[in-house]
Amino acid sequence: MTAAGAPVGGEARVPAPDEFHGWRAGDTTIAAVQERIGRFIESRGWPVFHDPKNLAMSIAIEAAELMELFQWVESGRSDEVASDPEHRRRILEELADVMIYCFSLGHRLGVDVAAALDEKIVRNGRKYPAVSGDGPGAGSGAGGLG
Ligand SMILES: [Mg+2]
């Protein structure tokens, strides 16, 4: 056995979908996330409830729960509010809920979510070309990301 409990020379045990995986952004893949969420759903017999309509509605409902955390907050203060530890914990929880339902819909539809993201970002790039110099959105102005 290794220090991590995996048999030497054998396959490591695949953790149950509701066990802590210790994931960090650089340590996992979109495929692993989608597979884990699929196992979570199937191990609870939820596919009967997870039709595309219900999952699309669930994405919107969880997005509304995320928005509720910023309701009545002046836009200029939303970063400050998001940096409050308790508020931040709740934001991350709702953000995860939104993403879980997004991956659930991808799982239900049998689509490659990474490919969908890739295609959509390319389309967005064509629709909203990058600006350089002092054009709209350049630098630190409203809407600018760089
Ligand atoms: Mg929620």
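Visitor: What is the relative accessible area of D97?

Guide: This is a predicted model: local features need pLDDT of at least 70, side-chain atom pairs count only at pLDDT 80 or more, and totals for chains, interfaces and linings use all residues. Residues are numbered from 1 along each chain as its sequence is written, and side-chain values use heavy atoms, with hydrogens and water left out. Buried means under 20% relative accessible area, exposed over 50%, and partly exposed in between, with a 1.4 Å probe and protein chains only. D97 counts as partly exposed because its relative accessible area is 23%.

Visitor: Which element holds D97?

Guide: Helices (H or I, at least four residues) and strands (E, at least two) are DSSP runs, numbered from the N terminus. The protein has five helices and zero strands. From the N terminus on, the elements run α-α-α-α-α. D97 has its place in helix 4.

Visitor: Which residues does D97 touch, leaving out those up to four places away in sequence?

Guide: Contact means heavy atoms within 4.5 Å. D97 and A63 are 34 residues apart in sequence, yet 8.3 Å apart in space, C-alpha to C-alpha. Not counting residues up to four places away in sequence, D97 touches E62 and E65.

Visitor: Which residues are the protein donors of the magnesium ion?

Guide: Donors are N, O and S atoms within 2.8 Å of the metal (3.2 Å for Na, K and Ca); water is not among the atoms, so sites may look incomplete. Along the chain the donors follow the spacing E-x2-E-x28-E-x2-D. Lying 2.1 to 2.2 Å from the ion, they are E62 (OE), E65 (OE), E94 (OE) and D97 (OD).

Visitor: How many residues apart are E62 and E94?

Guide: E62 counts as buried because its relative accessibility is 11%. E94 counts as buried too, at 13%. E62 sits in helix 2 (residues 52–68) and E94 in helix 4. The pair links distant parts of the chain, with a separation of 32 residues.

Visitor: What does L66 touch, not counting residues up to four places away in sequence?

Guide: L66 has its place in helix 2. L66 and A96 are 30 residues apart in sequence and 9.8 Å apart in space, C-alpha to C-alpha. Not counting residues up to four places away in sequence, L66 touches I91, E94 and L95.

Visitor: Which element gives the most to the lining of the largest pocket?

Guide: On a 1 Å grid over the protein atoms alone, a pocket is an open set of points where a 1.4 Å probe fits, with protein on both sides within 12 Å along at least five of seven lines; lining residues have an atom within 4 Å of a point. The largest pocket holds about 690 Å³. Of its 26 lining residues, the closest to its centre are W23, R36, I37, A96 and I100. With 10 residues, the element that gives the most is helix 4.

Visitor: Which residues make up the largest nonpolar core?

Guide: A nonpolar core is a set of buried Ala, Val, Leu, Ile, Met, Phe, Trp, Tyr and Cys residues joined through side-chain atoms within 4.5 Å. F103 touches I30, V33, Q34, I37 and V113, not counting residues up to four places away in sequence. The core has five residues: V33, I37, I41, F103 and V113.

Visitor: What is phi of W72, a residue other than glycine?

Guide: W72 lies in the loop between helix 2 and helix 3 (78–83). W72 counts as exposed because its relative accessible area is 79%. Its phi is positive, near 75°.

Visitor: What share of the 146 residues in the protein is buried?

Guide: Among contacts with a separation of 6 or more, residues 24 or more positions apart account for 54%. Of the 146 residues, the buried share is 18%.

Notes
Points joined across faces, edges and corners; volume = space filled by probe spheres on them.
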